[in-house]
Each structure stands twice: as structure tokens, then as C-alpha cells.
Amino acid sequence: MKNKPFSKLIHGTLICLFALILSTAVFAQGRGHGGGVGGGRGVGGGSAGGPPSIGVDRGLGNASERSDGRSDRGVGTASDKSKGRSDAGLDRARTASSNLRRADEDLADHPGVPRALHMSANSLRSGFQAALATNPNLKFGQYVAATRLAQNLGSRFPNITRNAILAGLASGRSIGQTLHDLGLSDHEASDAKKRADSEIKQARKQ
């Protein structure tokens, strides 16, 4: 009987301690659930009115961080690698456009040239424009000369065509070298060039 008051005291202390632990756990759980809505945070953990914390930009940022910047360097390297090709393509397009513009001026100043070639100005221009797609450095005078040479020589040398001469020019050969490559002797090639140049020069005076 003497231990009964002491037992009640211990029992009461344990109940108070249990109640304190229980209330602390409930309070902590309430803060955890309340932070998503009452704290003004939207879906995905982002702040109200701002961008979500999970998205394309955040994903790229995380990828960069996880890869220690390797993903950023990869994008930059791809851009650098393609830049050379795109720059070269732009240069070719500018050169072809410049040569075509000069051809238009030449045709306007010398309308006798297409007549001497038995072609219309539009047909001569369109043929030159098509040739520029393969060789943007081709000059209009070279195209006219190739056309005239093919007309003068084609009946005796069937392999000497305008396209064959243009192919030689595109590979870096001169007209004389190309004619030699196509079977003419040095003397024949020289005579053929002189004749074509004289005829074209005469046509420019008309």
C-alpha cells in the first residue's frame, strides 16, 4: 500500500510524456502538409505565380550540372562544327549571286551575244544559272566561250560538249587545258580558242 501513491505518480508522468510526444508528431505532420498550399507553393514545388521547378530549362540545367558542363560543351562543339559548313555555303551562294548579276549586266549591255550563239537571252541566262549550282566561281564569259567552242567543235569532236568543258573548268583546269584533255592537240586547242574569242568579241560589238 505504501507504493501505491508512487505508482500513480509514475503512471501519470508516463501519460503526460506520451501525450507530449503525440502532440509534437501531429504538429510536425501538419506543417509538412500545410507547406504545399498554405505556404503559397504550387504544383511541382514552384512558388506561386512563378515557373514550376520542374521543366525544360530546369532539366537542361540539371543535365549540365550532372554532366559537369559536358552537355554545354557538346552543344557548343556541334555549333562550331556546323558553322564552317554553313559559312562555306553562304560564300558559295554570294559568289554565284554576284556572277549571275554580272551576267545580267553583260546581257543587257551586249544583246548580240545570245544572237551569235543562236540562243535567247533568257535561255543563255538560265543555262548559266544552272551551271553556277555546280561551279559558283564560273564566269559568264567562260560559259559563253564553252558554248561557242562546243558549237564549233562538236561536229568533228562529239566528246567536246559544253558540259564537258564546264566540268573541266569546275575541276580547276583552264579552257585550253580542258580542250587538250578532251583530245585536241595544243595547236588545235589554241586555234579553237582564238576563233571562239574572235566570234564572241565581234558579237559584243553588235
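Buried means under 20% relative accessible area, exposed means over 50%, and partly exposed lies in between (1.4 Å probe, protein chains only). By that cut-off asparagine 99 is buried, because its relative accessible area is 5%. This is a predicted model, where local features need pLDDT of at least 70, side-chain atom pairs count only at pLDDT 80 or more, and totals for chains, interfaces and linings use all residues. Residues are numbered from 1 along each chain as its sequence is written, and side-chain values use heavy atoms, with hydrogens and water left out.

**Overall fold**

- The chain has 9 helices and 0 strands; these are DSSP runs numbered from the N terminus (helices: H or I, at least four residues; strands: E, at least two).
- Buried residues account for 25% of the 206 residues in the chain.
- Take the contacts (heavy atoms within 4.5 Å) between residues at least 6 apart in sequence: 50% of them join residues at least 24 apart.

**Asparagine 99 in H3**

- Asparagine 99 sits in helix H3, which covers residues 70–109.
- Leaving out residues up to four places away in sequence, asparagine 99 touches Phe128, Leu132, Pro136, Asn137, Leu138 and Lys139.

**Helix H9**

- The 19 residues of H9 should span 27 Å at 1.5 Å a residue, and the end C-alpha atoms are 27 Å apart, which agrees. The expected span is 1.5 Å times one less than the number of residues.
- Ala189, Ala192, Ala196, Ile200 and Ala203 are the buried residues named in H9. Viewed down the H9 axis, the buried residues fall within an arc of 65°, so they line one face of the helix. The arc is taken over the directions from the helix axis to the C-beta atoms.
- Those buried residues pack against helix H4 (112–116), H6 and helix H8 (175–181).
- On the face of H9 turned away from its buried side are the exposed residues Asp186, His187, Lys194 and Lys201.

**H6 against H9**

- Two packed helices are described by the angle between their axes and the distance between the axes.
- The axes of H6 (residues 140–153) and H9 (residues 186–204) come within 9 Å and cross at roughly 115°. Axes are lines fitted to C-alpha atoms, for helices over the stretch in contact, and angles run from 0 to 180 degrees between N-to-C directions.
- From H6, Val144, Ala145, Arg148, Leu149, Asn152 and Leu153 meet Ala192, Lys193, Arg195, Ala196, Glu199 and Ile200 of H9. The contact residues divide into 7 nonpolar, 1 polar and 4 charged. Here Ala, Val, Leu, Ile, Met, Phe, Trp, Tyr, Cys and Pro count as nonpolar, Asp, Glu, Lys and Arg as charged, and the others, Gly among them, as polar.

- Arginine 148 of H6 counts as buried at 14% relative accessibility. Beyond residues up to four places away in sequence, arginine 148 touches Ala116, Leu117, His118, Ala196, Glu199 and Ile200.
- Arginine 148 and alanine 116 are 32 residues apart in sequence, and their C-alpha atoms are 8.9 Å apart.
- Asparagine 152, also found in H6, is buried with a relative accessible area of 12%. With residues up to four places away in sequence not counted, asparagine 152 touches Arg195, Ala196 and Glu199.
- Lysine 193 of H9 counts as partly exposed at 29% relative accessibility.
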